[in-house]
Amino acid sequence: MIDFDRKHIWHPYTSMLDPLPAYAVESASGVRIRLTDGRELVDGMASWWCAIHGYNHPVLNAAIQDQLGRMAHVMFGGLTHAPAVALAERLIALTPRDLQHVFFSDSGSVAVEVAIKMALQYWFAAGRDTKSRLLTIRGGYHGDTFGAMAVCDPVTGMHELFRSVLPQHLFAPRPESRFGEPLSGVDADAFESLIRANHHELAAVILEPIVQGAGGMWFYSADYLRRVADLCAELDVLLILDEIATGFGRTGKMLAGEHADVSPDILCLGKAMTGGTVSLAATLTTARVATGISAGGGVLMHGPTFMGNPLATAVASASIDLLQADDWQGRVAGLEAQLADQLLPLAAHPAVLDVRVLGAIGVVQTRRPVPVAELQRHFVEQGVWIRPFNDLIYLMPPYTISSEDVSRLTRTIESALDVLEEVPVSPENR
Ligand code: PMP
C-alpha cells in the first residue's frame with residue numbers, strides 16, 4: 001500500500017519524485033491514531049485543527065448514519081433540507097448578531113473565495129468598481145485557491161511561485177504587538193497609513209483574527225484587530241475575518257474575533273465545524289452586504305455541486321451541539337494552562353527562538369527550520385503524532401485530550417529539540 005501511495009498519490013505540498021514519508025493509518029479513535037503496523041500515536045494535531053472532539057466519536061458517527069438513512073446528498077440549486085437549515089440557524093446564533101446570511105461551501109479555501117467575491121460584488125453593485133483590491137497583513141494564510149493565495153503572505157504563505165499571475169493586493173507588515181500586549185505605535189501607523197492612502201480602491205481588509213496559522217503561528221494584539229475594524233468602518237472598507245482555523249473554541253473564545261469584540265462584514269468558517277469528520281465551510285455576511293449584492297436583481301455568482309451537503313451539515317450541527325453541551329471553555333482553559341506550564345520553559349533551550357501559547361494552541365519556534373522527515377520519525381517512534389513545518393513545532397490537540405497525553409506530547413517535543421541539534425537541515429529533509 002505504502003509503495004503504491006508513494007508512486008501514485010500526491011500528498012499535501014510534496015514532490016511526486018521524492019515525497020516526504022507517509023504513515024499508513026488503520027483507524028483512529030479518541031485521541032489515538034492507530035497505524036497499520038499496530039503502533040498507536042497520541043494525536044497532537046487534531047488533523048489540522050479539525051477533530052476537536054477526537055476521532056470516531058459516537059455522537060458524530062450517529063449523526064452521519066442517521067442522515068445517511070434519509071439521503072447522502074441532493075443538489076442545493078432549487079432544493080433545500082432540514083440539516084442545512086438547522087446548521088444555518090446555529091451558525092447565525094453563535095456568530096455576531098449582524099451576520100444573518102449563510103453561504104455553504106465545501107472547503108475553507110472556497111469559503112475565502114466566496115468571501116472575496118461577496119466583497120467585490122457588493123462594491124460592483126454599488127457602482128463603485130474601483131473598489132476592487134484587498135488589504136491584508138503579512139504572515140497570513142487563507143488557502144490554496146487563486147483568490148485565497150493572492151492574500152496569503154507572499155513569502156511564508158508558500159505561494160511565492162505564483163506571484164506573477166496573482167492579483168496584486170496590499171500587504172501591511174505583520175503586527176509585532178503580541179497577544180496580551182497593547183498595540184504599538186509602529187504597528188498602528190503602518191496599517192493606518194496604508195488603508196488611509198488606498199481606501200478608495202479597497203473592497204475589503206481580510207485577516208485571520210488574533211492567530212495567524214499556517215503562515216507562521218503568530219498571535220497578535222487584540223488592540224490591533226480592534227484598530228483595524230475601526231479604520232475599516234471609518235473608511236468604508238469591508239472587513240473579512242477568516243475564522244477557518246480559529247473558530248469553534250480553539251483560542252479560548254468561540255470565535256477569535258471575540259477577543260477584540262469585533263464584528264466583521266463577512267466571516268469564514270470551516271475546519272472544526274464538522275468536528276473533523278467531513279469537509280464543510282461557510283461564509284456568513286450581514287444584511288447590508290447581502291442586500292447590496294442582491295439589489296436590482298443581482299445574484300451571488302457561486303454554487304458548488306456539493307453545496308450544503310446533508311451529511312456534512314447534519315454532522316456539523318451535532319458537533320456544535322456537542323461542543324456547547326460540554327464545558328469546552330473549561331477544557332480549553334485547562335489545556336492553555338498545561339501547555340503554558342510545560343512548553344514555556346522550553347524557551348531556555350538553545351535550539352528555541354520563541355514559545356507561545358493561546359487557548360488550545362502551543363507553539364515552539366526554533367532558531368532554524370526543522371528537518372521535517374527526521375523529526376516526524378522521532379515523533380512516531382515516541383508514539384505521538386506532531387507535524388512540524390518550517391521552524392515551527394506546534395500542538396493543536398483535540399479538546400478531549402487527557403492531561404497525561406498532553407504531558408506525553410510536550411515531553412516528546414522537549415526530546416525532539418535535542419534531536420534537532422544533531423540533524424543538519426538539507427533541502428531533502430525539510
Ligand atoms: N484559512 C485559514 C485560516 C486556514 O488555516 C486554512 C487551512 N489551513 C484555510 C483558510 C483553507 O482551508 P482548506 O484547507 O479547507 O481549503
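Analyst: The protein chain splits into domain 1 (2-56 + 327-429) and domain 2 (62-325), with bounds from an automatic or database domain assignment. This is a predicted model: local features need pLDDT of at least 70, side-chain atom pairs count only at pLDDT 80 or more, and totals for chains, interfaces and linings use all residues. Residues are numbered from 1 along each chain as its sequence is written, and side-chain values use heavy atoms, with hydrogens and water left out.

The C-alpha centres of domain 1 and domain 2 are 26 Å apart. Domain 1 puts 27 residues into the contact and domain 2 puts in 30 (heavy atoms within 4.5 Å). Together the domains bury about 2500 Å², 66% of it on carbon and sulfur atoms. Buried area is the accessible area (1.4 Å probe) that two parts lose on being put together, summed over both. On the domain 1 side, W49, W328 and L358 lose the most area, together 32% of what that side buries.

Polar links cross the interface too. Twelve residue pairs are in polar contact between the domains, both residues at pLDDT 80 or more. Such a contact is a pair of N or O atoms within 3.5 Å; within protein, one must be able to donate a hydrogen and the other to accept it, and residues adjacent in sequence count only if both atoms are side-chain atoms. The rule finds one salt bridge across the interface (a side-chain nitrogen of Lys or Arg within 4 Å of a carboxyl oxygen of Asp or Glu).

Now the ligand. A polar side-chain atom of S109 lies 2.6 Å from a ligand oxygen. A backbone N or O atom of G108 is 2.8 Å from an oxygen atom of the ligand. The side chain of D242 has an N or O atom 2.7 Å from a ligand nitrogen.
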